[in-house]
Amino acid sequence: MASFNIATAMVLMGVSGAGKTTIGQMLEKEMKYKYLDADDFHSQSNREKMRIGIPLTDEDREPWLESLRDAVRERIINKTGVILGCSALKKKYREILRSADPDYEWGSYASAVNFVLLDAPAEVLSIRLNKRAAEGKHYMPASLLQSQLDLLEIDESEGIFRVDATLSPQSIVNTIQKMKQ
C-alpha cells in the first residue's frame, strides 16, 4: 500500500455525501489532529445558493478556498496537525490548498498538504444525500450531486490517495492510518 507523510495537513476530499465529516471527526479523535469542516467556512450567500439548488461558480469558491488555505497554513506554521474535510473538486482548487504550505512550489504537487479522495459510486452518494436531507442535516440538496461529479478532476500525477468510501467508517479510518505510516 502506498504511504504519505501526514506531518501536518491532510485534506479529505470528495463530493457531498462521500463521508468527509464522519471520517474527519473520527480521525480527529484517533490522531489528535484538529478537524476543520470546509462547509463551516462558506459565506452565507454560498450556503443560500446551494440550499436553493444553484451550483457555485469558481468566483464563489475562490474566497472560500483562500480562507481554507489560510486556516491550514496557520496549523502548518505552528506545526499542529490538521485534517480538512473539503470537496476540493478541481485541480486548481487543490493547488490553492497546497499553497497553505509556505514552501510549496505551484505545480510540483510536493506539499505538506496531502489529499485523500473518499471515492464512492453516484448511486451510493445519492442515497446518502437523500437520507441526510430527509433528516435535515445538510443544506446542500441531492440535486447538486451531478454538478459536483461533473466538476471532479483527478490527475494521477497529483498523488491523491483513493479510499473506497463504501467501506465502514472504521475501515476507512484504519485504511487512512495505514497509508500514513
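α3 has 20 residues, and from its first C-alpha to its last it reaches 27 Å, close to the 28 Å expected at 1.5 Å a residue. Keep in mind that this is a predicted model.

Which residues of α3 are buried? They are D60, R61, W64, L65, L68, A71, V72 and I76. Looking down the axis of α3, you'll find its buried residues within an arc of 140°, so they line one face of the helix. On the other side of α3, E59, E74 and I77 are exposed. After the helix comes K79, with a positive phi, near 55°.

Now for the core. The largest nonpolar core has 47 residues, and V11, L27, L84, C86, L97 and I176 are those with the most contacts inside it. Helix α3, spanning residues 58–77, gives the most to this core, with six residues. As background, nonpolar side chains in soluble globular proteins tend to be buried together.

Let me pick out C86. Leaving aside residues up to four places away in sequence, C86 touches V11, L12, M13, G14, K20, A38, W64, L68 and L97. Two of those, W64 and L68, are among the buried residues of α3.

Zooming out, the chain comes to seven helices and five strands. From the N terminus on, its elements run β-α-β-α-α-β-α-β-α-α-β-α. Of the 181 residues in the chain, 45% are buried. Among contacts between residues at least 6 apart in sequence, 73% join residues at least 24 apart. Finally, the chain exposes about 8,800 Å², with carbon and sulfur atoms supplying 50% of it.

Conventions: Residues are numbered from 1 along each chain as its sequence is written. This is a predicted model: local features need pLDDT of at least 70, side-chain atom pairs count only at pLDDT 80 or more; totals for chains, interfaces and linings use all residues. Side-chain values use heavy atoms; hydrogens and water are left out. A nonpolar core is a set of buried Ala, Val, Leu, Ile, Met, Phe, Trp, Tyr and Cys residues joined through side-chain atoms within 4.5 Å. Buried means under 20% relative accessible area, exposed over 50%, partly exposed in between (1.4 Å probe, protein chains only). Helices (H or I, at least four residues) and strands (E, at least two) are DSSP runs, numbered from the N terminus. Contact means heavy atoms within 4.5 Å. The expected span of a helix is 1.5 Å times one less than its number of residues. The arc is that of the directions from the helix axis to the C-beta atoms. Accessible areas come from the Shrake-Rupley method with a 1.4 Å probe; for residues, only the protein chains shown count as cover.
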